[in-house]
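Reader: Could you walk me through this one step by step? I would like to learn how to read each feature as we go.

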Amino acid sequence: MKKFLSFLSSLVLCCALSACGGQDAGNGASQAPATSQPTQPPVSTQSLETPDPSASPDVPALSAPVDETAGEGRVLIAYFAYGENAPLADGVDASTSASIQYRDGKLTGNTGLVAGMIADATGGDLFSILTAEQYSDSYDDTIDVGQEEKRADARPELSSHIEDLDRYDTIFLGFPNWWGDMPMAVYSFLDEYDFSGKTIVPFVTSGGSGFSNTIRAIEDAEPDATVLEGLSLRDSRSAQAEGDVTEWLDRLEY
Ligand SMILES: Cc1cc2nc3c(=O)[nH]c(=O)nc-3n(C[C@H](O)[C@H](O)[C@H](O)COP(=O)(O)O)c2cc1C
């Protein structure tokens, strides 16, 4: 019986040893403990085999679709304002001129104020049309220069340029009425870009003349763009125009 028990325990020991040898076989590290064998961390295995962006915020796939669509269909609000095109001293009293306003502490004009309201409502980018040569800091002199430029059908050189027009498919275009027309710098702007296939949404501020014939002029300059219903505001009302702007944008579904 003793002999039989001794034989049985030898048999059990033998089996245990041969089982261990089988586990190590194949990786050539017979002495290495089983726990040191390379294993894929469960998280990265899952992210490699099953792309599930929501599983981990670090998975790059999460940001790819956002990057691909970023900027598409964005709105640009391009505008001309006297207050951004004249060497006016910072801190100049806005009440000294019908055309000097502040937006977020920076000098602009009535048109720039309205442009800011449109940007706030649509999340669009602002673009100020700037001339290489500034107008006079005297508003009265500027009135004469504006008349002279119109008579000469001038195209003042611009110093600001849109960096990536492809990003935008809607261009809000704002300007003051100058002598029953757009400032000639706005014609320079329209000459510089091809807005074919894009939507132009005009807005104007004026002492009362409104758009005059400027909608036709925009359509002539950009015949392959769609020109939507514009908004005309009195200069004296531009600082309180938020309600009008919102109503108009709602109507246009922006
Ligand atoms: C050169 C010049 C010409 C203007 N001509 C007219 C005009 O013909 N009709 C009108 O209603 N307002 C006229 N205005 C007034 C401006 O259209 C108005 O004050 C506008 O809101 C100014 O916009 P801004 O402050 O953005 O430059 C003229 C202003 C200037 C400087």
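Reader: Among contacts in the protein chain between residues at least 6 apart in sequence, what percentage join residues at least 24 apart?

Author: Two residues are in contact if their C-beta atoms, placed from the backbone, lie within 7 Å. In the protein chain, 75% of the contacts between residues at least 6 apart join residues at least 24 apart. Please keep in mind that this is a predicted model, in which local features need pLDDT of at least 70, side-chain atom pairs count only at pLDDT 80 or more, and totals for chains, interfaces and linings use all residues. Residues are numbered from 1 along each chain as its sequence is written.

Reader: What is the mean pLDDT of the protein chain?

Author: pLDDT is the predictor's confidence in each residue, from 0 to 100. The mean for the protein chain is 78, and 72% of its residues reach 70 or more. Over residues 1-71, pLDDT stays under 50, and the model has 16 contacts beyond four places in sequence for them. Where pLDDT is low, the predicted coordinates should not be read in detail.

Reader: How many helices and strands does the protein chain have?

Author: Helices (H or I, at least four residues) and strands (E, at least two) are DSSP runs, numbered from the N terminus. The protein chain has eight helices and eight strands.

Reader: Which strands does β1 join through bridges?

Author: Two strands pair if DSSP finds at least two bridges between them. β1 and β5 run parallel and are joined by six bridges, with L76 partnered by I171 in β5. β1 also runs parallel to strand β4 (residues 125-128), through four bridges, and there Y79 stands opposite S128.

Reader: Is strand β1 mostly covered or uncovered?

Author: A residue is buried if 20 or more other C-beta atoms lie within 10 Å of its own, exposed if 12 or fewer, and partly exposed in between, with C-beta atoms placed from the backbone. In β1 (residues 74-79), five of the six residues are buried. For the protein chain, buried residues make up 28% of 254.

Reader: Which residues touch the most other members of the largest nonpolar core?

Author: A nonpolar core is a set of buried Ala, Val, Leu, Ile, Met, Phe, Trp, Tyr and Cys residues joined through C-beta atoms within 7 Å. The largest one holds 46 residues, and I77, A78, Y79, V114, I171, F172 and V186 touch the most other members. Its largest share, six residues, comes from α6. Beyond four places in sequence, Y79 touches several residues, including T111, A115, S128 and F175.

Reader: Which residues come nearest to the ligand?

Author: Here a residue is near a molecule if its C-beta atom, placed from the backbone, lies within 6 Å of it. Of the 23 residues around the ligand, G109, T111, G146, P176 and D235 come nearest. α4 (110-122), α5 (139-151) and β6 (199-206) each supply at least two residues of this shell.

Reader: What is the phi of W179, and where does W179 lie?

Author: Most residues other than glycine have a negative phi. W179 is not a glycine, yet has a positive phi of about 55°, and its place is the loop between β5 (168-176) and α6 (184-192). E253, in the segment after α8 (242-252), also is not a glycine and has a positive phi of about 65°. E253 counts as exposed because 5 C-beta neighbours lie inside 10 Å.
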